[in-house]
Amino acid sequence: MVQLSVNGARHELDLDPRTSLLDALREHLGLTGTKKGCDHGQCGACTVHIDGRRVLSCLALAVAQQGHEVTTIEGLAAGERLHPMQLAFIACDALQCGFCTPGQIMSAVAMLVEVDGRRRLTDAGIRERMSGNLCRCGAYPNILAAIRQVRP
């Protein structure tokens with residue numbers, strides 16, 4: 001049995017020890033907001049937070065997350081109130097097909113926590129820190145605008 005804390009709720013799952021966190025979230029917990037893109041850690045569509053840090057869930061084993069807090073895009077909002085980054089993505093039309101959006105948002109939120117207001121991020125700095133999240137539609141200018149709207 002694997003015990004996971006996801007979005008503040010405890011879950012006990014009977015998983016194969018080789019099950020990725022991504023598959024546990026999607027297939028066993030029904031949290032399909034985290035997307036399966038490349039399944040090789042190259043696209044960022046599966047980005048979640050583990051103890052507040054961004055992690056590619058396709059590369060993380062579910063069993064290794066016992067004792068840690070996992071947050072998915074479903075857990076980012078406070079009830080019906082969307083997170084400021086989610087609101088900014090909507091306001092800036094930073095989602096075209098929407099497939100990469102959950103990973104982009106999760107990565108952007110964690111990125112802003114990582115810099116913790118110690119410095120003002122330039123556009124180049126944002127692009128560099130978000131380089132692991134790919135958008136096939138090319139919505140990068142709007143994604144950048146959304147992050148700029150929320151950044152300190």
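From the N terminus on, the elements of the protein follow the order β-β-α-β-β-β-α-α-α-α, which comprises five helices and five strands. Helices (H or I, at least four residues) and strands (E, at least two) are DSSP runs numbered from the N terminus. The model is predicted, and local features need pLDDT of at least 70, side-chain atom pairs count only at pLDDT 80 or more, while totals for chains, interfaces and linings use all residues. Residues are numbered from 1 along each chain as its sequence is written, and side-chain values use heavy atoms, with hydrogens and water left out.

We may turn to the overall dimensions. The radius of gyration of the protein is 15 Å, which agrees with the value near 15 Å for a compact globule of 152 residues; the radius is taken over C-alpha atoms, and the globule rule is 2.2 Å times the number of residues to the power 0.38. Along the principal axes, the C-alpha atoms fill a box of roughly 45 × 30 × 30 Å. The accessible surface comes to about 7,800 Å², and carbon and sulfur atoms hold 50% of it (Shrake-Rupley method, 1.4 Å probe). Of the 152 residues, 45% are buried, meaning under 20% relative accessible area with a 1.4 Å probe, protein chains only. Among contacts (heavy atoms within 4.5 Å) between residues at least 6 apart in sequence, 58% join residues at least 24 apart.

The largest nonpolar core has 24 residues, and Met85, Phe89, Ile105, Met111, Ile126, Ile143 and Ile147 touch the most other members. Such a core is a set of buried Ala, Val, Leu, Ile, Met, Phe, Trp, Tyr and Cys residues joined through side-chain atoms within 4.5 Å. Two or more residues of this core come from each of helix 2 (84–91), helix 3 (101–115) and helix 5 (140–150), and helix 3 gives the most, with seven residues. Ile147 is in contact with Met85, Ala108, Met111, Ile126 and Met130, leaving aside its neighbours within four places in sequence. A second, separate core of 15 residues includes Val6, Leu15, Leu21 and Ala24.

Ser20 sits in the loop between strand 2 (9–13) and helix 1 (21–28), and Ser20 counts as buried because its relative accessibility is 9%. Not counting residues up to four places away in sequence, Ser20 touches Ser57, Cys58, Ala60, Leu61 and Ala62.

Terms used:
Buried means under 20% relative accessible area, exposed over 50%, partly exposed in between (1.4 Å probe, protein chains only).
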